[in-house]
Amino acid sequence: MTSVLRVLVLTVCLLALSGSSVTSVANAVESVFDAAAKSEQAAAAKERNLQRNIADDQVRVLYCTACGYEANFNQVKKYLEDTFPHLVDRVYGANYDVDPTKKTLSQAINVLQASAIILLVFGEYILPALGIDTTLLRWALNNRIPSFFIVLFMGSLANSLTASGAFEIYFNGDLIFSKLEVDRWPTLLEISNSISEYGLVQSVSS
């Protein structure tokens, strides 16, 4: 009986190891296919760009305006226009749109903040005229410092909802750098090298 039990345990262990090996092999094969697919997509994009008309070249940068990244965009824009003269006035920047729900909530908080400021200043005249109870307003006026910080926090909260941290660079519609993906800033040389891989330098110099 003990021998049979040992055989069963050994069989189960072997099956488990076999299943684990199969899973590992399957994952490895899947990774290879994914890498091959991405490589083919990148090659196709580069081939398409090599056949393009350079007069249509453009760089588009989607960045987080709420994060104060406009200065970073202007630096990239100047560098690219200096490095690739035919891109002058063809480096565009725009705000990176966040999730619509967050955007709507941020706008609502901004409206609420503006309303709170108006009420703190003119509420003593507005609320009685509208027949609205002023108990909460009186508390706010009697506690100006906490009220000020609450209003300030509302602005910070609204800003954080739209602060995506994005700095996404596209060349002719192809993403060549994503701060959201790599969680770091690009170097200027890295950007120009990425564009050069699409044949831009060779096309300009020919």
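**Note on the predicted model**

1. At a relative accessibility of 32%, Leu-119 counts as partly exposed (buried is under 20% relative accessible area, exposed over 50%, partly exposed in between; 1.4 Å probe, protein chains only). Leu-119 sits in helix 3, residues 100–130 (helices are DSSP runs of H or I with at least four residues, strands runs of E with at least two, numbered from the N terminus). Leu-119 also belongs to a surface patch and to the lining of the largest pocket; both are described below.

2. Basis. The model is predicted: local features need pLDDT of at least 70 and side-chain atom pairs pLDDT 80 or more, while totals for chains, interfaces and linings use all residues. Residues are numbered from 1 along each chain as its sequence is written, and side-chain values use heavy atoms, with hydrogens and water left out.

3. Overall make-up. The protein has 8 helices and 4 strands. Along the sequence these follow the order α-β-α-β-α-α-α-β-β-α-α-α. Of its 206 residues, 27% count as buried.

4. Nonpolar patch. Ile-117, Ile-118, Leu-119, Val-121, Phe-122, Tyr-125, Ile-126, Leu-130 and Ile-132 make up a nonpolar patch on the surface. Together these residues have about 850 Å² of accessible area. Areas are Shrake-Rupley values with a 1.4 Å probe, only the protein chains shown counting as cover for residues. A patch takes residues with over 30% relative accessible area and no salt bridge, joining nonpolar side chains (Val, Leu, Ile, Met, Phe, Trp, Tyr) within 5 Å and like charges within 9 Å.

5. Largest pocket. About 350 Å³ of space lies in the largest pocket. Its lining has 16 residues, and the closest to the pocket centre are Ala-116, Leu-119, Leu-120, Leu-136 and Ala-140. At least two lining residues come from each of helix 3, helix 4 (135–142) and helix 5 (144–162). Helix 3 contributes the most, with 6 residues. By type, the pocket lining divides into 12 nonpolar, 3 polar and 1 charged (nonpolar: Ala, Val, Leu, Ile, Met, Phe, Trp, Tyr, Cys, Pro; charged: Asp, Glu, Lys, Arg; polar: the others, Gly among them).

6. Largest cavity. The count of cavities of 30 Å³ or more is 1. About 30 Å³ of space lies in the largest cavity. Its lining consists of Ile-169, Ile-176, Phe-177, Pro-186, Glu-190, Ile-191 and Ser-194. Strand 4 (174–178) and helix 7 (188–196) are the elements that give two or more residues to this lining. Helix 7 gives the most, with 3 residues. The cavity lining divides into 5 nonpolar, 1 polar and 1 charged. On a 1 Å grid over the protein atoms alone, a cavity is a set of points where a 1.4 Å probe fits but cannot get out; a pocket is an open set with protein on both sides within 12 Å along at least five of seven lines; lining residues have an atom within 4 Å of a point. Points are joined across faces, edges and corners, and a volume is the space filled by probe spheres set on them.

7. Salt bridges. There are 3 salt bridges (a side-chain nitrogen of Lys or Arg within 4 Å of a carboxyl oxygen of Asp or Glu). In helix 2 (residues 70–83), Lys-77 and Glu-81 are 4 residues apart, about one turn of the helix. Their closest N and O atoms are 2.9 Å apart. Lys-77 is partly exposed at 22% relative accessible area, whereas Glu-81 is buried at 15%. Asp-82 and Lys-78 also lie in helix 2, again 4 residues apart. Their side chains meet at 3.0 Å, N to O, and both residues are exposed.

8. Arg-184 and Glu-190. These two form a salt bridge, with the closest N and O atoms 2.8 Å apart. Arg-184 is partly exposed at 38% relative accessibility; Glu-190 is partly exposed at 25%. Glu-190 is also one of the residues lining the largest cavity.

9. Contact across the chain. Ser-192 lies in helix 7 and is buried, with a relative accessible area of 5%. The C-alpha atoms of Ser-192 and Thr-83 are 7.8 Å apart, although 109 residues separate the two along the chain.

10. Positive phi. Asn-172, not a glycine, has phi near 50°. Asn-172 is in the loop between strand 3 (167–171) and strand 4, and is partly exposed at 23% relative accessible area. Asp-183 likewise has a positive phi, about 60°. Asp-183 is in the loop between helix 6 (179–182) and helix 7, and is exposed at 66%.
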